[in-house]
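Here is a short briefing to read alongside your structure viewer. Please keep the model open as you go through the points.

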Amino acid sequence: MTTTKPVVRSAAVYARISSDVSGEKLGVTRQLEDCQKLAADRGWTVGEEYVDNDISAYSGKPRPAYARMIADLQAGVRDGVIVYNLDRLHRRPIELEDFVTLCEKVGVRDVATVTADIDLGNDDGLFMARIFAAFAAKESGRRSARIRRKMEQNAQNGLPHGSARPFGYEPDKVTVRESEAAVIREMVARCIAGESMRSLANWLNDSGVTTVKGGPWRTTTLRQTLRSPRIAGLREHRGQIIGAAAWEPIITLVQREQVLARFAARQASGRRAPRSYLLSSMLRCGKCGNPLFSQARYDNDPPTRRYVCQKGPDHGGCGRLTVVAEPVEQLLTEAVLVRLDSTALADTLSGRIQNDGHLAELGKTLASDQVLLDELAGLYADGSISAREWMAARNPIESRIRDTERSLSHATETTAIDGLPGNGAAVRSQWDGLSIDRRQAIIKAVLDHAVINPGQPGARSLDIERVRPQWRL
Ligand SMILES: [Zn+2]
């Protein structure tokens, strides 16, 4: 069949590293050796070896070496292709079609594989290649189904999953780490006795017990640990407890029920502040700079709403500053309304509007960074990069995303006050009828934050000097 064809003068040898679990584990060296041997048998000269280090062509990830080979074929630099097996070349039938189209266009008819001789130049060869490609695509799908089934199976057998070491267990996730198990038992006992998560987190942090990652405890992490089915020896799969686990329990099932009952009771009586704090997230402590949190004081009726600097595991403030909510809200509202009428604001706003093209740019940056993050996660998920490399690459992107989001929200928040500048008086007359969300949006558009300075002990009214607004506009 090949007798009439001119001999290949510069073949491309293509190899791909794959973590094919089921198939023959074929190292790339072996692939290349076999391809070189085939080239020698046929009397083809090899121009270049193209090697991609990806796990599955099915994932649709870019393959730089493959792209380079296609470009070289297109440019006429290579006139033949040798690959160990067609599934190294393509996993998706559409890729094969593109490849065939290209070969026809540039007149490359010599495509050889070690495992099966395919001549794309005739219909039989093309038919075979298409069947191979369709088969490979199906195999790829089957492989992910196999992985999923394996996970289900692990769950049914009570085997552990996940990558992080759970608190209370050794890295094998099965052997109990006694030092941490003792801590869990004590926490569970204290929680059942009514101690709050905050107090328990303080206790852990003060006694130098860190989380698995070596950080301080927060009430959220603590709650997660205490309510996790794992410490009671239960295996959870997709949010459902499916049976006994293969590891030893640290607490009893009865203790687990008691902990859950505690959490449920606390949630029901939760002193969650009503959403009536106009300046949430907009005030800072004049002593330590931390944000102030809304908190009601229940020894009066009605309770006194206050903004306070909170210390402790979730907040980290100095805990030494409090301001009564109502006067500071009135003062800052008034200041915002006056500000809406100022010429300085009108000027800043018109400057902002001219910058609107900037918004589109920011949006694009954000979108492309998010794509980057997804791709990185994909590379990590299929083992192409290590966790360390993943994190190193991720951190700068994430911080850029935060910056962009900040700029975006700055730029877009001004839309909350479209039509309002110059109309402070009109807004003032409607103010009490506006929803708290709307009032908050208007204030946020103009005020970045306000620093609350310490007051005179025992002062009855709010000293205006205590409030230092930092205007955004
Ligand atoms: Zn403070």
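A residue is called buried here when its relative accessible area is under 20%, exposed when over 50% and partly exposed in between, using a 1.4 Å probe and protein chains only. This is a predicted model, in which local features need pLDDT of at least 70, side-chain atom pairs count only at pLDDT 80 or more, and totals for chains, interfaces and linings use all residues. Residues are numbered from 1 along each chain as its sequence is written, and side-chain values use heavy atoms, with hydrogens and water left out.

**Overall picture**
- The protein has 15 helices and twelve strands; these are DSSP runs numbered from the N terminus, with helices being H or I of at least four residues and strands being E of at least two.
- Of the 473 residues in the protein, 37% are buried.
- Among contacts (heavy atoms within 4.5 Å) with a separation of 6 or more, 64% are between residues 24 or more positions apart.

- The buried residues of H7 are Met 197, Leu 200, Ala 201 and Leu 204.
- Seen down the axis of H7, these buried residues fall within an arc of 100°, so they line one face of the helix; the arc is that of the directions from the helix axis to the C-beta atoms.
- H7 (residues 197–206) packs with H8 (residues 219–227) at an angle of about 100°, and their axes are 9 Å apart.
- Axes are lines fitted to C-alpha atoms, for helices over the stretch in contact, and angles run from 0 to 180 degrees between N-to-C directions.
- The two helices H7 and H8 are therefore roughly perpendicular to each other, a label used for angles of 65 to 115 degrees.
- H7 contributes Met 197, Arg 198, Leu 200, Ala 201 and Leu 204 to the contact, while H8 contributes Thr 219, Leu 222, Arg 223 and Leu 226.
- After H7 comes Gly 208, with a positive phi near 75°.

**The four-stranded sheet**
- Four strands form an open sheet in the order S2-S1-S3-S4, with parallel pairing; two strands pair if DSSP finds at least two bridges between them.
- S2 (46–52) and S4 (111–113) are at the edges with a single partner strand each, so one side of each has no neighbour in the sheet.
- From one strand to the next, the twist averages 20°.
- Strand S3 (residues 80–83) runs parallel to S4 and is joined to S4 by three bridges.
- Val 81 has Val 111 in S4 as its bridge partner.
- Helix H2 (residues 64–74) packs on the sheet and touches S1 (11–16), S2 and S3, with its direction at about 150° to that of S2.

Technical notes
Angles under 35 degrees count as roughly parallel, over 145 as roughly antiparallel, 65 to 115 as roughly perpendicular and the rest as oblique.
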